[in-house]
Amino acid sequence: MADIRSAGKPGLHEAARVWAGVGCTGFGGPAGQISLIHRAVVAERGWIDEERFAHALGLAMLLPGPEAQQLATYLGWWLHGIRGGLLAGTLFLLPGAVIMAAVSALYVTVGQVPAVAGLLNGLQAAVVALVVQALVRLGRRTFSGALPVTLAIAAFGAMSFTPIPFPVIIVVSAVIGWLVARARPVPVAAPPDPVAPGRTRAALRAAVIAAALWLVSVLAILGFLPGTVYAEQAVLWSQAALLTFGGAYAILGFVAEQAVDTYGWLSAGEMATGLGLAETTPGPLILVLEYVGFVGAYGAPGSLPP
């Protein structure tokens, strides 16, 4: 297959404008954002062909983390290497992150004003409908046989009626799926075209550097701020980053339980408000963690000003 990059590869500045546009208009959760990315880089500009896009989406769905952002990062890397991946991933996330920081600050300062509180109460009610809709949509995509249904029921029962930690449930479910797949192997399509060895080595080197930066950051927080809300959040966000298989909705229950019940950073109503704010701002839904972190640290700032 001919590599579409040889015929229609954009310049880095042109790609940056497109990724910035996607980041600023990426409303509607993962489904809407993936559709927006497809329209921008496949349908309208032809930078990526359909087969490569489908392959990239499959990889993004397989890995933990927000699938739309990982799709953008992969496609940016495919077009322009490590610089392109960093650019696409950052620009997809940055507008929503800035907006979420601003609305989090507004929430803790004017959220108790009657008019604002009324708006937020209405937003909480809408969030319930959004979560139910997402659950139905995710279930239709996932429940393709008896095994997924059985695992879902068992996982729900374990989370609701037993003290088994959420990470253990995820790992056990993954192992069961892997064993079943080994017993009934399904042919997997090869990538649409190979990746040059040099690009593979560069990607692995970038991954090692990124992992080292994450680990050093977490260890620094744990070392210099032990026992604070910042150390607790560093651990929880790291757990969430490694366990968000299936998109943001798959991890929200775990994060909400930890933030509300275990650590007491915010109330259930405040968690619903944050989810509603994340739904109505651009960027991946997982940006709700920024709101949770902001509100939690604001309520227990330690020696720092709120």
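Predicted model: local features only at pLDDT ≥ 70, side-chain atom pairs only at ≥ 80, totals over all residues.

Biologist: Which residues is Tyr 263 in contact with, leaving aside its neighbours within four places in sequence?

Modeller: Those are Glu 232, Leu 236 and Gln 258. There's also a C-alpha separation of 9.5 Å between Tyr 263 and Gln 233, which are 30 residues apart along the chain.

Biologist: And where is the place of Tyr 263?

Modeller: Tyr 263 sits in the loop between α11 (249-262) and α12 (268-279).

Biologist: Switching to the surface: which residues form the nonpolar patch?

Modeller: Trp 214, Leu 215, Leu 219, Leu 222, Val 235 and Leu 242, with about 530 Å² of accessible area together.

Biologist: Which helix gives the most to it?

Modeller: α9 does, with four residues. Both α9 (197-224) and α10 (229-243) supply at least two residues each. Val 235, for one, is in α10 and is partly exposed, at 31% relative accessible area.

Biologist: OK, now the inside. Which residues touch the most other members in the largest nonpolar core?

Modeller: That core has 28 residues, and the ones you want are Ile 251, Val 255, Trp 265, Leu 266, Met 271, Tyr 291 and Val 292. Two or more residues come from each of α5 (67-110), α10, α11, α12 and α13 (288-299).

Biologist: What lies apart from it?

Modeller: Another core, of 27 residues, including Ala 56, Ala 72, Tyr 74 and Trp 77.

Terms used. Residues numbered from 1 in each chain as written. Heavy atoms only, no water. Patch = residues over 30% accessible without salt bridge, like charges linked within 9 Å, V, L, I, M, F, W, Y side chains within 5 Å. Areas by Shrake-Rupley, 256 points an atom, 1.4 Å probe, with all protein chains shown as cover. Salt bridge = Lys/Arg side-chain N within 4 Å of Asp/Glu carboxyl O. Buried < 20%, exposed > 50% of the residue type's maximum accessible area, 1.4 Å probe, protein only. Contact = heavy atoms within 4.5 Å. Core = buried A, V, L, I, M, F, W, Y, C linked by side-chain atoms within 4.5 Å.
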